[in-house]
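Let's take a walk through this structure together.

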Amino acid sequence: MFLIVLNYQNKIISLSIVKPVVISTWNHGIAANNEAWKILANGGHALDAVELGVKTAEANPNVQTVGLGGFPDREGYVTLDACIMDQYNNCGSVAFLQNIKHPVSVARKVMEKTPHVMLVGEGALQFALEEGFEKEDLLTEKSKKAYEAWLLKSEYKPVINIENHDTISMLALDENRNLSGACTTSGASWKMHGRVGDSPIIGAGLFLDNEIGAAAATGMGEAMMKTAGSAMVVELMRHGKSPYEACKEVVERIYKIYKGHPDLEWLQVGFIALNKQGEHGAYCLRSGFNYAIQTKKIKNKLINADFKIQ
Ligand code: SD4
């Protein structure tokens, strides 16, 4: 499909539209895109695609940064954060949710069945149970062992690019040219009990404007919250930046904030973005972040994101 798209300065920013498109963070994005593509390839809705897609990581016990098998907090509790957003700016989110394997689906129910956007902790759990979700123990033997090993030193020092999987964030543009996004995580490993990151915060971990594009984040959530990171990426695209340029500018801002700060030593942040024309891009602070992309022409593959520092 061809269409001339102008930015606010009447500059041509795109001549063609690629759709459907799905992108998602890290190696586990490949399995997630495969699921999402089943919906997108059949003309389905981006919202269904992103929910189904990220559920693959939530259900996989070997992904120790999302859902079942996620690393616990420093008290030994697995606490989950997730959100979802559609083309009408409808959104739902859950934070500090325990014992429910698919927080993204609870987030969708919050969006569709309540007058609210966000439910946390006990209230989120109560709502999930009322909606028929089952309570399960999410702490696997593997993650419990890792926790016991961590307890020996009990040092909070986040690992950069943790086994090449961290939060899964997914953005999709469907055949009808509508955008949706989802984000789900067990958060920073060994975090303080009660800590909530960027992933359930609309504007930080995920944001989209169906006229412009969508953006989502991975990495140390505190940095995304300090900068309203994903919302900023979308705003920069509104002002004519490509998805790549917009992600890069927000990472540069984060670097400026943290330069000289001791946390910079272990700080990693990464953004992915997708605009209304189906153009995609990403940028991260440190090397090692990648994302998976699938379109009709590009068979599901991983792309290494450009980075600011080694
Ligand atoms: C968060 N972005 O909770 C998520 C995942 C994470 O280090 O902790 N990454 O901040």
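Val18, Lys19, Gly278, His280, Thr295, Lys296, Lys297 and Ile298 line the second largest pocket. A pocket here is an open set of points on a 1 Å grid over the protein atoms alone, with protein on both sides within 12 Å along at least five of seven lines, and lining residues have an atom within 4 Å of a point. The second largest pocket holds about 160 Å³ of space, where a volume is the space filled by probe spheres set on grid points joined across faces, edges and corners. Its lining splits into two nonpolar, three polar and three charged residues. For that sorting, Ala, Val, Leu, Ile, Met, Phe, Trp, Tyr, Cys and Pro are nonpolar, Asp, Glu, Lys and Arg are charged, and the others, Gly among them, are polar.

Before going on, keep in mind that this is a predicted model: local features need pLDDT of at least 70, side-chain atom pairs count only at pLDDT 80 or more, and totals for chains, interfaces and linings use all residues. Residues are numbered from 1 along each chain as its sequence is written, and side-chain values use heavy atoms, leaving out hydrogens and water.

Pro20 sits in the loop between strand E2 (12-16) and strand E3 (21-25). In the loop between E3 and helix H1 (29-40) you'll find Trp26, which has a positive phi, near 65°, though it isn't a glycine. These labels follow DSSP runs numbered from the N terminus, with at least four residues for helices (H or I) and at least two for strands (E).

Now for the ligand. The space it takes is the largest cavity, a cavity being a set of points where a 1.4 Å probe fits but cannot get out. That cavity has about 270 Å³ of space. Of its 24 lining residues, Asp166, Gly187, Ala188, Gly219 and Met220 are the closest to its centre.

What holds polar contacts with the ligand, meaning pairs of N or O atoms within 3.5 Å? A side-chain N or O atom of Arg195 is 2.6 Å from a ligand oxygen, a polar side-chain atom of Asp198 is 2.7 Å from a ligand nitrogen, and a backbone N or O atom of Gly219 is 2.6 Å from a ligand nitrogen. The protein buries 94% of the 280 Å² that the ligand exposes when taken alone, going by Shrake-Rupley accessible areas with a 1.4 Å probe.

Notes. A polar contact is a pair of N or O atoms within 3.5 Å; within protein, one must be able to donate a hydrogen and the other to accept it, and residues adjacent in sequence count only if both atoms are side-chain atoms. A molecule sits in a cavity or pocket if more than half of its atoms lie within 2 Å of its grid points.
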